Amino acid sequence: MQIISGTALPNMPWEDRPAGNTEPVWRFSGNPIIGRNGNKRSNSVFNSAVVPFGDGYAGVFRCDSRSISMDLFAGFSKDGIHWTIDDEPIHLVGADPEIGRYEYRYDARITCLDGKYYVSWCNGYHGPTIGIAWTEDFKTFHQLENAFLPFNRNGVLFPRKIQGKYMMLSRPSDNGHTPFGDIFLSESPDLDFWGHHRYVFGTVPGNDSAWQATKVGPGPAPIETDEGWLLIYHGVITTCNGFVYRVGSALLDLDQPWKVIARTKDYILAPWEIYECVGDVPNVTFPCAALTDKDTGRIAIYYGCADTVTGLAFTTINDLVTYTREHAL
Ligand code: BMA
């Protein structure tokens, strides 16, 4: 098994699987890597995206403020673990003034595509939809049109064109806390007009895989492997104490990524640790980014913990693809 797209990343954050650990994904021993005090006014830093940048890393971070507004901030790191996050939110340029105004911004993903960094996020435009912008320096962000009508969340771009088209996964939603949600794929010739919407996969009714019974949504940009696109996603169950967010993985067809080869029946990561179970929204693990090293197949997953802090977890392409196939629904 191997990673196809992407580059070698020998300095990526990494810890070997702890002795005796048999989980598909294991946590960084220094978690959480970013606490509440990520920048000057932050109440919480979570559900954030990072990519290799220059001789280190850059990211777009969700920092909810101490007045509890949701916005996006650029951040930089030498090692992918210790981050300096801007105090001022990212400034978008170039947009049609009508969509340049926003009510809130949160849960960014970043995809390296055509030599640029494309950021997609949940953009408040008369309700949540998918905002898109590109940057080359993480200082100036050029905003494109919103991809969809409200209401939608979790827009995630693929890292290359497929069959000549840009492709994006997303999760149509409502204007609130959305008690439903399936993953769809949309195509675009130009990153402006989106269509040809295809159903990818949805919730699992009954008792078979109940952690993903209420809603599912795409996480980090899909990872291209010789066995298919590896998608890390979140799955939600409704309990008497509210939603619980866990993490699963799926393998999608390389040429027709709405076709599912396998998806996990068992979750691969779930709120077990105290910083995942306790916070502003308890019991949430929410993945938004993954670094990969093409040479070793290592994967580092960045995930929000209890809507409060940011965690880091590790796996390898062999571990996760094998697990996805062997624990498939
Ligand atoms: C979802 C999103 C996420 C959040 C999650 C749990 O609807 O808003 O940002 O992590 O709820 O609160």
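Two strands count as paired when DSSP finds at least two bridges between them, and strands themselves are DSSP runs (E, at least two residues), numbered from the N terminus. The model on screen is predicted, so local features are described at pLDDT of at least 70 and side-chain atom pairs at pLDDT 80 or more, while totals for chains, interfaces and linings use all residues. Residues are numbered from 1 along each chain as its sequence is written, and side-chain values use heavy atoms, with hydrogens and water left out.

Select Arg 153 and then Arg 171, its bridge partner in strand 12; strand 11 and strand 12 are antiparallel here and share 4 bridges. Moving on, strand 12 (residues 166-172) is joined to strand 13 by 5 antiparallel bridges, and Met 168 can be picked together with its partner Ser 186 in strand 13.

Strand 12 has 6 of its 7 residues buried, so it is largely enclosed by the rest of the structure; buried means under 20% relative accessible area, computed with a 1.4 Å probe on protein chains only.

Which residues have the most contacts inside the largest nonpolar core? They are Val 60, Trp 83 and Phe 141, in a core of 38 residues, where a core is a set of buried Ala, Val, Leu, Ile, Met, Phe, Trp, Tyr and Cys residues joined through side-chain atoms within 4.5 Å. Strand 3 gives the most to this core, with 5 residues.

**Last stop: the two pockets**

A pocket is an open set of points on a 1 Å grid over the protein atoms alone, where a 1.4 Å probe fits and protein lies on both sides within 12 Å along at least five of seven lines; lining residues have an atom within 4 Å of a point.

The largest pocket holds about 660 Å³ of space, the volume being the space filled by probe spheres set on the points. Of its 31 lining residues, select Arg 62, Tyr 106, His 177, Tyr 245 and Asp 307, which lie nearest the centre. Strand 2 supplies the largest share of this lining, 4 residues.

The second largest pocket has a volume of about 460 Å³. Its lining comprises 24 residues, and the closest to its centre are Gly 6, Cys 112, Pro 159, Ala 290 and Thr 292. Here strand 20 gives the largest share, 5 residues, and the lining divides into 17 nonpolar, 5 polar and 2 charged residues, with Ala, Val, Leu, Ile, Met, Phe, Trp, Tyr, Cys and Pro counted as nonpolar, Asp, Glu, Lys and Arg as charged, and the others, Gly among them, as polar.

Technical notes:
Buried < 20%, exposed > 50% of the residue type's maximum accessible area, 1.4 Å probe, protein only.
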